[in-house]
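Me: Got a fold I'd like to walk through with you. Can we take it piece by piece?

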Amino acid sequence: MSLQVEIMTAMKAAMKDKDQTALAALRAVKSEILLAQTSGANEGLSEDEEIKILSKLVKQRKDSAAIFAEQNRNDLAEPELAQAEVISQFLPEQLSEEKITVEVMKVIAAVGAEGMKDMGKVMGIVSKNLAGQADGKTISNIVKANLS
């Protein structure tokens, strides 16, 4: 089932359940997908493009929630986190830090990285390999720890 069909099905369920948080999150996803489709020459989106869109939306929500939490505005942070959770349901399962570390070590060995000067090479390959399965910040922290 395509992502659009899944989103529409989830939107219908959210409308029936009167779940405004889920509905707002799903409408944002639908909007981003339609925007991406109309801005490109091709009509369909690849699975990688869909994952990038979903990851971007989750990251935006989490960043906003962090800013609101810093300013002691939990009333605004909680809905953002709830929307991020709804959107995350459509992403592939996130890898554990151990699995990410294993992948990072494989890439470091393959590239022959020796220090922080090679971080860009390693980050590029690992980020591409684990697209949608791991957060960029987590990957970055693990790469830094293993190269320093």
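Me: Before we start, what kind of model is it, and how are residues numbered?
Reply: This is a predicted model, where local features need pLDDT of at least 70 and side-chain atom pairs count only at pLDDT 80 or more, while totals for chains, interfaces and linings use all residues. Residues are numbered from 1 along each chain as its sequence is written, and side-chain values use heavy atoms, with hydrogens and water left out.

Me: OK. How many helices and strands are in the chain?
Reply: Seven helices and zero strands. Those are DSSP runs numbered from the N terminus, with helices being H or I of at least four residues and strands E of at least two. Read from the N terminus, the order is α-α-α-α-α-α-α.

Me: What box do the C-alpha atoms fill?
Reply: Roughly 55 × 45 × 25 Å, taken along the principal axes.

Me: And what share of the chain is buried?
Reply: Of the 148 residues, 33% are buried. Buried means under 20% relative accessible area, exposed is over 50%, and partly exposed is in between, using a 1.4 Å probe and protein chains only. The chain exposes about 9400 Å², with carbon and sulfur atoms supplying 52% of that; the areas come from the Shrake-Rupley method with a 1.4 Å probe, and for residues only the protein chains shown count as cover.

Me: What about contacts across the sequence?
Reply: Among contacts with a separation of 6 or more, 60% are between residues 24 or more positions apart. Contact here is heavy atoms within 4.5 Å.

Me: Let's do helix packing. At what angle do helix 2 and helix 4 pack?
Reply: About 60°, with the axes of helix 2 (residues 20-39) and helix 4 (residues 74-88) 9 Å apart. Axes are lines fitted to C-alpha atoms, for helices over the stretch in contact, and angles run from 0 to 180 degrees between N-to-C directions. The two helices are therefore oblique to each other: under 35 degrees is roughly parallel, over 145 roughly antiparallel, 65 to 115 roughly perpendicular, and the rest oblique.

Me: Which residues make that contact?
Reply: From helix 2, T21, A22, A24, A25, L26 and V29; from helix 4, P79, A82, Q83, V86 and I87. By class that's nine nonpolar, two polar and no charged. Nonpolar covers Ala, Val, Leu, Ile, Met, Phe, Trp, Tyr, Cys and Pro, charged covers Asp, Glu, Lys and Arg, and the others, Gly among them, are polar.

Me: How do helix 5 and helix 6 pack?
Reply: Helix 5 (residues 97-111) and helix 6 (residues 119-129) pack at about 130°, axes 10 Å apart, so this pair is oblique. The contact uses E103, V104, V107, I108 and V111 of helix 5 with K121, V122, I125, V126 and N129 of helix 6. That splits into seven nonpolar, one polar and two charged residues.
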